[in-house]
Amino acid sequence: MDIFLQQIINGLVQGSIYALVALGYTMVYGIMGLINFAHGEVVMIGTLVTISVAGFLIKAGMPVMFAGLAGLTVSVLVCMALGWGLERVAYRPLRNAPRLTPLITAIGMSIVLQNVAMIIWGRNYLTFPALLPSVAFEFAGAHFTAVQVIIVLVSALTMLALLFLIYRTRLGMAMRATSQNPAVASLMGVNINRVIAAAFIIGSALGALAGVMVGTYYEIAHYQMGFMLGLKAFTAAVLGGIGNLAGAMLGGILLGLIEALGAGYIGDLTGGFLGSHYQDIFAFLVLIVVLMFKPSGLFGEKTGDRA
Amino acid sequence: MLEVTGLRVAYGGIQAVRSITFHVNQGEMVALIGANGAGKTSTLKAIARVLDAAGGDVHFCGEKITRVPPHAMISKGLALVPEGRGVFPRLSVAENLAMGAFVRHDKAVINDDLERIYGYFPRLKEREKQLAGTLSGGEQQMLAIGRALMGRPKMLLLDEPSMGLAPLMVNKIFEVIRAVAATGMTVLLIEQNARLALQSSQRGYVMESGEITLTGASASLLDDPKVRAAYLGE
């Protein structure tokens, strides 16, 4: 039982991070039908920028908490600019190209960003500065840390803020209208280019936040870290129904739980043949199963398009 | 109010509209009739800037609008009710109407307009909270017209408002179109239902394979033997 609760907690933490990243995939997909495979790299840049900025400020003698906040702010801004730039440079010229073209471009941008990061930050693993005090709690035999609590809380608040933006503001209404019918949205006076740019910018800001969380949680970062994280978050988005915000949130949390529980029990289930380092297989098992049996995902859009 | 001169629209190498010239005066309702594929919708889309024209000029209120981006058209006072209605299926009826007023900031007047539109279409008021995708075709057409009116346009472009609707619903929709026109709204109406279009409008143009072949007062077009044979099924 202890291990069950422990893995639920671990899964929630990991799932919150997946959810934040998955939102970036799903927002862009919902509006322009593009899977932005470079999104994982945006997250990675977010982590590495925080390491540089916070590391520099800590060395300069700034209190750790403030250095962390400054690092987070800079990394969110850098990633927003990066997301905007990606759309402007790589995807906008391909707006009317066949769908495969921007997809391949996205994979290309992902490779470009990885290599740029390798040039800037090197090939080695970098240590993420400990930004939060390491306080641990115990509950019913399960252990969790302040970092884990903060990750779950901050992502929950961020997701609420995003829902407010999408469902209660003028920009959000324009985004929803654009995702349903871009041509008609522009007849209403919506500048489609701005809405698409907004989707990239907001998604990248969420990605940067997730990047800082990953760094704080694992205390380590690397120029290739965005690849696997991106694939898993994409899986989470597909699981929830890509294009659907609530789906990305739920998909992220579910995928985190499935992975954590899978990793916790895989040893017992296979009689010790497979260890917890095989946890990555669960994400992709989920992806395969969803694509086989319910390609539209849990919240896949299926209603309301009667002409 | 609207001056179209030598307008051409092409898809790849195929000419859908071959240099047509026509105009709509302030306060007038003009019908553009013709068979399927005659180029009516392409003409309207080019005017509303959904499509790029291959040539020719469009002036609206004296201003050349041939290069204006599509999202700037509604602020200039030109609203298109697109073919197939184009409601946002997963927005509520109220949100669809709010989208119609997207570029406006005069909140109090927007609310008056909303009440006026609910007055035209009480059914929309009843279904205010419902998702537009769950409405019937006729209700969606009401919504599309109401949404266009929410932009307070100077001129309304209507693309086949009767398409796919039951006769009773068609009558209801045209009642409102005539009521809106009676308030002084300038209307350019495209219809396959030529009789209805000519009965509702003051002037008409007949379009055939991308060209305007006939024009005149709607009443005289209704009596024209060629129109009667080709479009009124007599």
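This note goes through a predicted model of chains A and B in numbered points.

1. Conventions. Residues are numbered from 1 along each chain as its sequence is written, while chains are lettered from A and ligands numbered from 1 in the order in which they are written. Because the model is predicted, local features need pLDDT of at least 70 and side-chain atom pairs count only at pLDDT 80 or more, whereas totals for chains, interfaces and linings use all residues.

2. The sheet of chain B. Six strands of chain B form an open sheet in the order β6-β7-β8-β3-β9-β10, with mixed pairing; strands here are DSSP runs of E with at least two residues, helices are runs of H or I with at least four residues, and both are numbered from the N terminus. Two strands count as paired if DSSP finds at least two bridges between them. The edge strands are β6 and β10 (211-217) of chain B, each of which pairs on one side only.

3. Strand β7 of chain B. Strand β7(B), residues 155-159, is largely enclosed by the rest of the structure, because 5 of its 5 residues are buried; a residue is called buried if 20 or more other C-beta atoms lie within 10 Å of its own, exposed if 12 or fewer do, and partly exposed in between, with C-beta atoms placed from the backbone. In a regular strand the side chains alternate between the two faces of the sheet. Both faces of β7(B) are covered, with B:M155, B:L157 and B:D159 buried on one side and B:L156 and B:L158 buried on the other.

4. Neighbours of β7(B). Strand β6(B), residues 78-81, runs parallel to β7(B) and is joined to it by 4 bridges, with B:L158 as the bridge partner of B:V81. Strand β8(B), residues 186-191, also runs parallel to β7(B), through 5 bridges, and here B:L158 stands opposite B:L189. From β7(B) the chain crosses through helix α7(B), residues 167-182, to β8(B) in a right-handed β-α-β crossover, which means that, with the strands pointing away from the viewer, the path from the first strand over the helix to the second runs clockwise.

5. The antiparallel pair. Strands β9(B), residues 203-208, and β10(B) pair in the antiparallel sense over 6 bridges, and the bridge partner of B:M207 in β10(B) is B:I212.

6. Two helices of chain A. Helix α9(A), residues 225-240, has 16 residues and reaches 23 Å from its first C-alpha to its last, close to the 22 Å expected, where the expected span is 1.5 Å times one less than the number of residues. This helix is largely enclosed by the rest of the structure, because 13 of the 16 residues of α9(A) are buried. Helix α10(A), residues 245-269, has 25 residues and reaches 34 Å, close to the 36 Å expected, and α10(A) bends by about 35 degrees at A:A263, the bend being the angle between axes fitted to the seven residues ending there and the seven starting there.

7. The interface. Between the chains, 19 residues of chain A are in contact with 23 residues of chain B, contact being defined by C-beta atoms, placed from the backbone, that lie within 7 Å. The largest share of the side of chain A that touches chain B, 5 residues, comes from α6(A).

8. A buried leucine. A:L86 lies in helix α3(A), residues 64-91, and counts as buried because it has 25 C-beta neighbours inside 10 Å. Leaving aside neighbours within four places in sequence, A:L86 is in contact with A:A38, A:Y91, A:M109 and A:F200.

Terms used: Two residues are in contact if their C-beta atoms, placed from the backbone, lie within 7 Å.
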